[in-house]
Structure formats: structure tokens, C-alpha cells
Amino acid sequence: MTRAGGWLLAAGALTLPLWLQSTYHLHVAIMAGIFGVLAMSLNLLLGYTGQLSLGHAAFFGIGAYTSALLTLKLDWSFWPALAAAVALAGAAGFFIGRLALKLRGAYFVLVTISFAGVISLVSVNWIELTNGPLGLPGVPAPELGPWSLRSKTAYYYLVLAAVGLSYLVCRRLVRSRIGRALVALRENEPLAESVGVDVTHYLVLAAVVSAAMAGLGGSLYAHYTRFVSPEVFLFTYTVTMVIMVVAGGKGTLAGPLVGAVLFSVLPEALRAAASWQWQMLAYGVLLVLLVFYLPRGIVPWLAGVMLGSQAPREPDSPPARR
Amino acid sequence: MAELLQHLLNGLVLGGTYALLGMGLTLIFGLMNVVNFAHGEFYTLGAYVSFAALALAGIDFFAALLVAIVAGAALGWLCEVALLRPLRSESIDTTMLVMIGVWIAMQNAELLGWGGVAKSIPHPFPTAPLVLGPVSIAPLRLFVLALAAALIAASWLLIQKTKLGRAMRATFQDRDTAALMGVSIGRIHAATFAFGSGLAAAAGALLGPVFLVYPSMGDLASLKAFSVVILGGLGNLPGATLGGLLLGIAEELGAGYLSSGYRDAVGFAIIILVLLCRPSGLFARQERIA
């Protein structure tokens, strides 16, 4: 993406509440932002290390529950609760990364699914803490000094800040030595190892940052909807993140954001025409079609179209592994 | 003691169907190198086809079972030919994404077609349990156990004694050499996927009348099938059989003596623990971690 285009996008995002008249549109923008954080988080693992986490809703849910429980039961204010949510999700990521990343591919997927399954069962069964399937209502809206961020416009800017921060973290990480090490691992692990890349160290690092970002998304979600229930662990959330990353372009910085905006706006736009089940059905079919016809995703495809098919690759979008 | 025996017996009934699920998945996983996340959807399909044949078409219970198995195998064959065959040279991650897509699509198609309300499959067996000494068992469950055992034995014979089975085993051991020896890999893959999907559909049609039939029932079935495969080792049929029985019994014991809310956590715990401690499976000889 060119620099001018980037600034234009940033200016558009910053002034969006002025353009969008209805609070409903703003709601869609807020959800797109939250999912943008989640998609960027999943992309760190799927796009840059090549490992698919199908338990990513677990980190999202851990963030949501941590934030909700700390503000509800211990009367913490929003900001320390947010920090705790990020930290706890990151710790869970460390745990899973340490345990699971000696496994690759399908086995990593299975461990992450199982982890999410166990956490979800705990949220349903540990009724004293989580109130079970009934969930936790009344999660307070965040405050910034004397101001409440209850209004949709204020919350939009909070989410936008989180998106910007996550993007910068991803960019910093990906364009550093660490990012190059991760890509080297994805492309050829034995070779990377042979030139001295510490495999486990970098994979665990990616898992921790990814999980912490998902926790950030979870906390933002909890304080936005003001309600947390075991539904935050629904597989649907993970599927949505995967679709966003794969469609937008895994292993690119902009891809997950493009995917998040697309798959937050499209379902809302099509809501009148198609029910939620039709949309999920379409997600499944779309995933299959993407693998067949657009395996690298929209962003690399667009970059190719705009720059001609022989275009040099973006430094942050190496080819998908075959 | 009687309680323990009862749990063991219930576990055996569950385990028989888990073994069916696991055998199909372990063949697909081991032989085709496809991580079939849609496996549970063929289980759901079996249950719904059997329900449709019984309740809507008015077919006999046993014939409906057969219809379900055939439908599962046919759709599995179609799935392999249409989706997996063109991607055979792609990486395991690519086909995994496709199968995740198939999983989501099939499940939501079922949700659209049948609605979210659980259905129960009627069956011709008396509901009064048979009392066998200290334990009792519903005749339906006894039938499920017997038929699962028969299907496991038949699969075993197919793999060990038929020409197709020999070609499958050869392909599993060394695909290229098998192809050089005249085995049509494409045909073997299609047959394997159809066979595995048929077994999954059989498990669904068998457990459908025991429990309820609902669109998301395949999710847990998939995970249990994966636990069984991981317990038994990749492509290991006796391992899958034993693993299935073990998982069924472990779940029953866990639900009976620990907490019924965590029954399904047993499968998850098995996946995590076995993969971390003994990734080649409990009964495997060779290591095949990708």
C-alpha cells in the first residue's frame, strides 16, 4: 500500500463518525474494528508462522471474561482490567505455545481446538465464578478520566486506537528480525534452524503476542456489549477470524484488516436478504472457493492486479506456502 | 462394583461407535494425508438421513440404517472427487482449510434444512432394559454395540483380505511405489474417503436413536474421532478400535465418578495429553508427526 493511500485511509477512519449518521452504522464499524484486532492476531500465527489456531476464540473469551469478572466482582476500573485481560490471554498463549508448538500443522490445530473446548466447558460449568450459561450481565462501560466512553462515538475511537496499536505492533514485529525469522520458519523450518533461528523461542513469542491481542479484542468486546456468556467461545468467532484472514490475505499486514471490514460490513448489508445460517453456509462455501481460486487472498491479488502480474512482492507478503 | 460394571458396559456401547468414527478418520488421515474436519458432518448426515428415511419416507428401521451408510459413502465419494482430487498436490494445510469450509457449509445446510430443534429417531426395540445379572442395558443399545462390532469386523476383513484393502494398505505404506505397481491412487483415495464417510454415517445412524439428532452434533463427533485417531496412532486400525473403546469407557467413568458436566472434556484432555506426551499414539510403532 502506498504511503498516501495509507494516510488517506487513516484520515477516513478518524473522521468516520462524522460521515456515518446512524448509530447502527457506527456499531458495525466498532465490530469491524474489534474483529480487525482479532484477525490481525490470528494472522500473526496463521500468516507468519503458518500454524492455524482453531482455538482462537479461547483467547478472545479469556480476555472477555477476565475483563468482565475483574470489573464486576472486584470493582476494578476498565483500564487495569483491560491490561489484565491482555496479560492473562497472553499467558494462556504462552502456555499453549510452550506446550503445542513442538507440534505442527494438524496437531497444533487439534491442541488449540481442545484447549478452547476445555476452557469453554469450564465457563459453562464453573457456575460460582462465571454464572454458567446465563453469563455475566452489566459489564460497566469504560471511563477515561472524567469521561464515560459509553457513547458509540467514543467507543469507536477506543476501538480504533486498539486497531492502530495492534497494527503497529504487528508491523514492528513482522518487519523486525523476529518477523523475518518467523517467515523463514514457515517457508523452510530445517533450513531456518540450520542457520541458527531458535524455532521454539520465536513460535512461542508469536503465540504470546497473538493471544494477547485476541485478549485485547475480548476485553473490548465485553465492555462494548456489556455482557459476557459462554457464547464468546463459540466456534463461529474462530471461523469468522479464519475467513477474514484467508480472504484478506494471510501473511500480509493489510489483509486481516481488509477481511475484517469486508466480513463485518457484508453480513450486515446482506442481513435483509439472507439469514444468519445462510451467511454461515456462505462462509463455508466461500472458504472452499477461496482456496481454489484466490489462495493468497484479496490484498496480494489486488497488489498483483495494480502492479501487473510480474510485480515485485511486498516485503511483508511472501508467497503462501504450498 | 455393579455400578462400575454398568459404567463399563455403557462405555463399551459409546466406544463401539467412537471406534467406527475413528476408523474412518484414521484411514482418511493416514492414507490420504487429509485432515478431515468434516468427518463429524458425515456422522450428522447419517443420523439425519436415517431420520428422514424413517420418519418421512416410512422405511423400515434397519433399511434406513443401510440407506444412511450408502448416502454417507456416496457424499464422501463426491466430496473426494470434486474437492480433494484437484488439490492432491497441495499441502496438508490447504486441504485442511477446504475441509473446514465443507464442515461449516454442511453443518449450516443441515441447520437450514432441518431447523435447530433436536429430532428423535423412532426405533422398533422395546424400551424396557434387559437385566443381565448386576447390569442392565436397553435392547437398542445392545443392538448398537452388536452392529458396531459387526461393522468393525467387516472393515477389518475388507482391509486385510480383499484386493481393495491390500491396495489401500500399499498406498498407506508408500504411495509412489503402490502407483508404480499399478494401484490407481485416485480410485483408492475416492474409495477410502467414501468408506470412512460411510462408517461415520453408520455411527451417526446408530447413535441417532440413542441420543437426539441436531445439526451441531457433528462437532463433538469430529473431536472424538480425532481423539480416537490420536490415541490409536495415525492410520492404525486396531489402534482406532481400541482407542474408541478406551475413549468411550473413559468418558463414562469420568461422567460417572467425576462430573457429568465435564464428560466431553475427557476427549479434549486425551488429545492434549497424548499429543504432548506420546504423539505417535498409544499403540503405534512408527512416528508420523507432520
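The model scores ipTM 0.82 and pTM 0.82. Chain A has an average pLDDT of 83, and 94% of the residues score at least 70. Within chain A, confidence is lowest in strand β3 (residues 147–148), where the mean is 76, and highest in α4(A), at 91. Residues 310–322 of chain A have a pLDDT below 50, and beyond near neighbours in sequence this stretch has 26 contacts in the model. For chain B the average pLDDT is 86, with 96% of the residues scoring at least 70. Here α3(B) has the highest confidence, at 93, and α11(B) the lowest, at a mean of 82. Over residues 286–290 of chain B the pLDDT stays under 50, and the model has 11 contacts beyond four places in sequence for these residues. Where pLDDT is low, the predicted coordinates should not be read in detail.

The next topic is the contact between the chains. Chain A gives 32 residues to this contact and chain B gives 35 residues. On the side of chain B that touches chain A, at least two residues each come from α4 (92–114), α9 (217–232) and α11 (265–277) of chain B. Which of the elements gives the largest share of this side of chain B? That share, 15 residues, comes from α4(B). Sorted by class, the side of chain B that touches chain A holds 26 nonpolar, five polar and four charged residues.

The helix α4(B) can also be followed along its length. It has 23 residues and reaches 32 Å from its first C-alpha to its last, close to the 33 Å expected at 1.5 Å a residue. Just after α4(B) comes B:Gly115, with a positive phi of about 80 degrees.

Two other helices of chain B meet each other. Two packed helices are described by the angle between their axes and the distance between the axes. For helix α3 (residues 61–84) of chain B and α8(B), the axes come within 7 Å and cross at roughly 145 degrees. This crossing of α3(B) and α8(B) is right-handed. The contact of α3(B) with α8(B) is made up of 18 nonpolar residues, six polar and one charged.

One residue of α8 (residues 185–210) of chain B is B:Leu199. Is B:Leu199 buried or exposed? B:Leu199 is buried, because 34 other C-beta atoms lie within 10 Å and 20 or more are enough for that class. Apart from neighbours within four places in sequence, B:Leu199 is in contact with B:Leu20, B:Met23, B:Gly24, B:Leu151 and B:Ser155. B:Arg141 is 58 residues from B:Leu199 in sequence, and the two are 18 Å apart in space, C-alpha to C-alpha.

In chain A, helix α11 (residues 199–225) has 27 residues and reaches 39 Å from its first C-alpha to its last, close to the 39 Å expected at 1.5 Å a residue. This helix, α11(A), is mostly covered, with 23 of its 27 residues buried. A:Arg226 follows α11(A) and has a positive phi, near 65 degrees.

Helix α3 (residues 23–49) of chain A contains A:Ala29. A:Ala29 counts as buried because there are 23 C-beta neighbours inside 10 Å. Not counting residues up to four places away in sequence, A:Ala29 touches A:Leu16, A:Leu20 and A:Tyr156. A:Ala29 and A:Ser123 are 94 residues apart in sequence, and from C-alpha to C-alpha they are 29 Å apart in space.

The last topic is backbone angles in loops. Most residues other than glycine have a negative phi. A:Asp75 has a positive phi near 55 degrees and is a residue other than glycine. A:Asp75 lies in the loop between α4 (56–73) and α5 (78–100) of chain A. With 9 C-beta neighbours inside 10 Å, A:Asp75 counts as exposed. In chain B, B:Asn33 is not a glycine either, and its phi is positive, about 60 degrees. The loop between α1 (2–32) and α2 (39–56) of chain B holds B:Asn33. B:Asn33 counts as partly exposed because it has 19 C-beta neighbours inside 10 Å, whereas a buried residue needs 20 or more.

Terms used: Residues numbered from 1 in each chain as written. Chains lettered and ligands numbered in written order. Predicted model: local features only at pLDDT ≥ 70, side-chain atom pairs only at ≥ 80, totals over all residues. Helix = DSSP H or I, 4+ residues; strand = E, 2+ residues; numbered from the N terminus. Buried ≥ 20, exposed ≤ 12 C-beta atoms within 10 Å, placed from the backbone. Contact = placed C-beta atoms within 7 Å. Nonpolar A, V, L, I, M, F, W, Y, C, P; charged D, E, K, R; others polar. Axes fitted to C-alpha atoms, helices over the stretch in contact; angles between N-to-C directions. Left-handed = near helix turned anticlockwise from the far one by under 90°. pLDDT = per-residue confidence, 0-100. Expected span 1.5 Å × (residues − 1).
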